[in-house]
Amino acid sequence: MTNSLPRHRRRARLRRRVALAALTALLGAGSPALAGSPAAAGPAHVAGVRGPAPAPVRNGAPGPAAARPGPAGTAGTRAFDVGPARDALERLLPRHAAQFTLVPDPAAGADRFTVSGPAGAITVRASTGATLLTGVGWYLQHVAGADIGWPGDSIGMLPARLPAVPAPVTRSALVPHRYALNDTDDGYSGAYRTFEQHQRQIDLLALHGINEVFVQAGAEYPYYRALQDFGYSAAELREWIPGPGHQSWWLLQNLSGFGGPVSERLMQERAGLGGRIAEQLRGLGMTPVLPGFFGTVPPGFATRNAGAKTVAQGDWAGFDRPDWLDPTSPVFAKLAAAYYTEQRAVFGDSAMYRMSPLHEGGTAGTVDVKAAARAVQSALHTAHPGAMWAVLGWQDSPKAELLAGVDTSKLLILDGLSDRYNRLDRETRWGGAPYAMGTIYNFGGHTTIGANTSVWIERFGPWRAKSNSALKGIAYLPEATGTNPAAFDLFTDLAWEPGTIDQRTWFADFAARRYGRPDKEAAAAWEELRTGPYSTSSGLWSESQDSLFTARPSLGAVGAAYWSPKSMRYPADGVRRALDHLLKVDPKLRGSSAYRFDLVDTARQALANHSRVLLPKIKAAYEARDLTRFRALTSEWADGERQLDAITGSDPNFLLGNWLSAARSWGADEAEQDRYEYDARSILSVWGRRSTSEGGFLHDYANREWSGLIGELYAPRWAAYFETLEESLVRRAAPREIDWHAYEEEWARRTTRHPSGADGPSGDPHTLATAIAAALKSSEGAAR
């Protein structure tokens, strides 16, 4: 199986093994840079051998933690190395990087850039490396008229000589905290990504003004090493730690074990990856936000550690949650110190740590939450004096008791509900604790487009201008990144635009730079999308509806994910008209990856919306026992799924093969490869075991319209269901039952191969999208 991997995957594995060899070579001899530091005294276990933790990895080779730049907050007070920003610029703009001069300006104050210069000689001055890149991003957006989106770009349309800046422009961030990445991003965006993919993500975040980024890769390693000094064997811990695809929810204290066991080698490689990500962020003057320790422990901790008190956390969506170690017990302080020591050895220090105790139904039992919160913060500050505690604002968290126990000047609430509900008063709700206005416009990695962008604009300015405002930042929190590039651009602009953004003007400008120059058809397309999926209202939802093509089959299906909107959140015909306009964009503008992605995404969405028109017709035909019409409509449904699989196969961002080959590339042998592929497949389908899938309603939570996933799971699933209904019509009997969990679990256990980025997409997007537009018009005509 190993030799069947694409060449680039085999090379990536070789690079990781070289890095792992370098890490392992350190096990018998400590890193000199750590001598005398708190990390040097910490417990360390690797492959059952005691020794120092792996040193951080820099560009594939170990590098001393002590040599790293300090937290982002110190960057504005001293000179800094522009090398990392220059390197990022060359990755982002390989043909034009030489036309930029990047000037460190520590006297400018935090989060400030100035852009100036004649044609071909653009100067950007800024207070950090990341802010230099933000200045470049502002220039591309407002002067050069080009877009580097997430995903898709139009940099191929830039002239050989970049245009002049008419007059010097200075911008300062309106808020000090510009945070990115949901706790679930690693699980839903891809837990098996390479360093280069994470590096690209960091480049894009810096280009859009973000300065604080959650780092999850390798977060299991400090737990694994520290807990071996508290009564657990290496083998026990490898069983307790989930596969990478499910670790996001383990860190949230929701589950353990699923998708594993993980190997020692995998954890070492992931620790090396996480160390490189943190190093990359520091090099740009950004803050790597690391997971903090708030008490998650394996089963039986209290029986193995005298004086420990644990609280069973009950059930989360069909999983037994890990126990919570009472932070007020003396054992907690010892374990927290060991955890932070091990974490520092691999990831270095930071100025911000992520923790959400009692997340989604956690139980305090008899623990005094106020005192527990004080103890959690105390342990953090003992290891990292003055560090910021970032906590997610979600459901009823953080509770008033938690806030009452901490120094809120060292706490930031990442509000995941800012644009979801009405009549919000965050100052009253959280007692004046600092918070960042956040958005979660994507759940589970759904491919649906849309966001409550008008709500962002309406709220950000007034919330910030309140006399008692505690708004100190923005928090970019989609559960998965890499979808909705317009939403990413607009949300991050909130923190840098000095005046109120005019939504209509913003989208018109976006349409022009998205494809490299103004085009009336592009403008018309994005106006349709603006007034439809990008102008949904608050009150109940922050995400648009998902597709019925991806839903578990039922004539009464109203959504694929149980927790998603049950109906259309905007008029569907606007997306179809947007597709018509995009198909008419000037052929000279159709060569960019931005145009291709948008065309495929819009055609996909138009088809997905049509599923909500078609399924009720199928239901009516079945209930009327009209076999002829039932067959015609289910045939139309199958044609739609075939078109959906084909159009998504024409863009690399919609290929299931990328997801699966990435997971397999981290396995050392076939058995390990199969285990990690199951980890990756299961989260897209069954999500977890039967109790989770059915009782916890998590099946299809991470549904997405990807080529391969449609053709191998969704379309055959619907075909099997329609076959039972047709049989029932013919035989005049009740349809036979299908065990859908067993059906989906069988798919999750497969190891079939699918085209990936190495193979390239197939088919011409314009031709395929034209056929979809024609089919939708024909269906509409037949309905009249």
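A pocket here is an open set of points on a 1 Å grid over the protein atoms alone, with protein on both sides within 12 Å along at least five of seven lines, and its lining residues have an atom within 4 Å of a point. This is a predicted model, in which local features need pLDDT of at least 70, side-chain atom pairs count only at pLDDT 80 or more, and totals for chains, interfaces and linings use all residues. Residues are numbered from 1 along each chain as its sequence is written, and side-chain values use heavy atoms, with hydrogens and water left out.

**Stop 1: the second largest pocket**

Select E360, W394, Q395, E479 and Y701. Of the 29 residues lining the second largest pocket, these lie nearest its centre. Its volume is about 640 Å³, where a volume is the space filled by probe spheres set on the points, and grid points are joined across faces, edges and corners. The lining splits into 17 nonpolar, seven polar and five charged residues.

**Stop 2: the largest pocket**

Now go to the largest pocket, at about 1200 Å³. It has 48 lining residues, and S189, Q197, P652, N653 and N658 are the closest to its centre. Colour α5 (195-207) too: this helix gives the most to the lining, five residues. Helices (H or I, at least four residues) and strands (E, at least two) are DSSP runs, numbered from the N terminus. The lining holds 18 nonpolar, 21 polar and nine charged residues.

**Stop 3**

A cavity is a set of points where a 1.4 Å probe fits but cannot get out. There are seven of 30 Å³ or more by this rule. The largest cavity holds about 200 Å³ of space; to find it, pick G137, W138, Q141, L207 and D493, which are the closest to its centre among 19 lining residues. Helix α3 (129-144) supplies the largest share of that lining, six residues.

Next, select L181, H198, Q201, F214 and Q216. They lie nearest the centre of the second largest cavity, which has 14 lining residues and a volume of about 120 Å³. Here α5 turns up again, giving the most to the lining with three residues.

**Stop 4**

Show α19 (573-583) beside α20 (593-623). They pack at about 150°, with axes 9 Å apart; axes are lines fitted to C-alpha atoms, for helices over the stretch in contact, and angles run from 0 to 180 degrees between N-to-C directions. The pair is therefore roughly antiparallel, the word for angles over 145 degrees. Among the residues that meet, you'll find L579 and L582 in α19 and L599 and A603 in α20; contact means heavy atoms within 4.5 Å.

Then bring up α21 (627-648) and α25 (709-731), which pack at about 175° with axes 10 Å apart. That makes this pair roughly antiparallel as well. Their contact has 12 nonpolar, three polar and four charged residues.

**Stop 5**

Most residues other than glycine have a negative phi, and most peptide bonds are trans. P261 sits in the loop between α8 (247-251) and α9 (264-283). Q253, not a glycine, has a positive phi of about 65°, and this residue is also in the loop between α8 and α9. Finish at the S397 to P398 bond, which is cis with omega near -5°; P398 lies in the loop between β18 (388-393) and α13 (400-404).

Definitions and conventions. Ala, Val, Leu, Ile, Met, Phe, Trp, Tyr, Cys and Pro count as nonpolar, Asp, Glu, Lys and Arg as charged, and the others, Gly among them, as polar. Angles under 35 degrees count as roughly parallel, over 145 as roughly antiparallel, 65 to 115 as roughly perpendicular and the rest as oblique.
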